[in-house]
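Have a look at it first.

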Amino acid sequence: MSNIPAFGLGTFRLQGQVVIDSVRTGLELGYRAIDTAQIYGNEAEVGQAIAESGVARKDLFLTTKIWVENYSKDKLAASLEDSLSKLRTDYVDLTLIHWPAPGNGVSLDEFMTALADAKAKGLTRQIGISNFNIDLTKQAIAAVGRDAIATNQIELSPYLQNPKLVGFLQEQGIHVTSYMTLAYGKVLGDATLRAIAERHQATPAQVALAWALQRGFSVIPSSTKRENLASNLLAQTLRLTDDDMAQIAALDRNGREVSPDGLAARWDD
């Protein structure tokens, strides 16, 4: 079983001083898991913020993701070493294949094996996948073994609940990490979530995050505002009722926000 923290700080779309400030503030508030990726173009800034924070490396859980152009076996480990150097660390806790990119000319077997080799070299403690559907997850399991896959990080929110894929991953014992849990903020105005939030004296963001946590998912929300970073953390102490959870279950509308051509495979209905 993987030991991935339930709550982390996302850095997608945050650049330059903005990401430095977000990570620094997050670490001050008590975040200890940070999620980045090669394509975000911010690993060096994340590394700087961590170095300046004084938080010991052993107390942190760092995730990065390999970008498509680095999937071949002769590039993957070298690209991860470059990420480590930007992050100012000699290992990351978790490295994911960012997108399956079925048409990019590198076979799934090749990149999963290369990722497992990077783990064997000590560059990363755990490995996993991101944005993989059921069929591709089965292929990844065939390539490296189910126990090697620490998580599948996928888009999940009250508007995109992906029951088939989530059910399959949970059956297989592969941990689910939810990204975009707030659907780019779209769920924050939802009448059902607002009513639940009022009953609990919480915010709609806390309700959406608590929903994901109670489903057993990890979450990695991002924010540039200290008050939102602090408020999001409080989702960990919010306990939703079975009725709350049932009402949120009814909000599913297959509302996917991210599915880039050439990178995404066909999603499970």
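The points are joined across faces, edges and corners, and a volume is the space filled by probe spheres set on them.

Before I go on, this is a predicted model: local features need pLDDT of at least 70, side-chain atom pairs count only at pLDDT 80 or more, and totals for chains, interfaces and linings use all residues. Residues are numbered from 1 along each chain as its sequence is written, and side-chain values use heavy atoms, with hydrogens and water left out.

Back to the pocket. Its lining has 40 residues, and nearest the centre you'll find Phe-12, Met-180, Tyr-184, Pro-221 and Ser-222. That lining splits into 20 nonpolar, 16 polar and four charged residues. Here Ala, Val, Leu, Ile, Met, Phe, Trp, Tyr, Cys and Pro count as nonpolar, Asp, Glu, Lys and Arg as charged, and the others, Gly among them, as polar.

How many cavities of 30 Å³ or more are there in the whole structure? The search finds one. About 110 Å³ of space lies in the largest cavity. Of its 18 lining residues, Ile-4, Phe-61, Thr-63, Thr-177 and Ile-220 are the closest to the centre. Strand 2 gives the most to this lining, three residues. Strands (E, at least two residues) and helices (H or I, at least four) are DSSP runs, numbered from the N terminus.

Now the helices. Helix 5 (residues 134–144) and helix 6 (residues 163–172) have axes that come within 10 Å and cross at roughly 20°. Axes are lines fitted to C-alpha atoms, for helices over the stretch in contact, with angles from 0 to 180 degrees between N-to-C directions. Helix 5 and helix 6 are therefore roughly parallel; that label covers angles under 35 degrees, over 145 is roughly antiparallel, 65 to 115 roughly perpendicular, and the rest oblique. In contact terms (heavy atoms within 4.5 Å), Ile-134, Thr-137, Lys-138 and Ile-141 of helix 5 meet Lys-164, Leu-165, Phe-168, Leu-169 and Gln-172 of helix 6.

Finally, helix 1 (residues 16–29) and helix 9 (residues 226–233) pack at about 45°, axes 10 Å apart. That makes helix 1 oblique to helix 9.

Methods: 1 Å grid on protein atoms, 1.4 Å probe; cavity = no way out; pocket = protein on both sides within 12 Å on 5 of 7 lines; lining within 4 Å.
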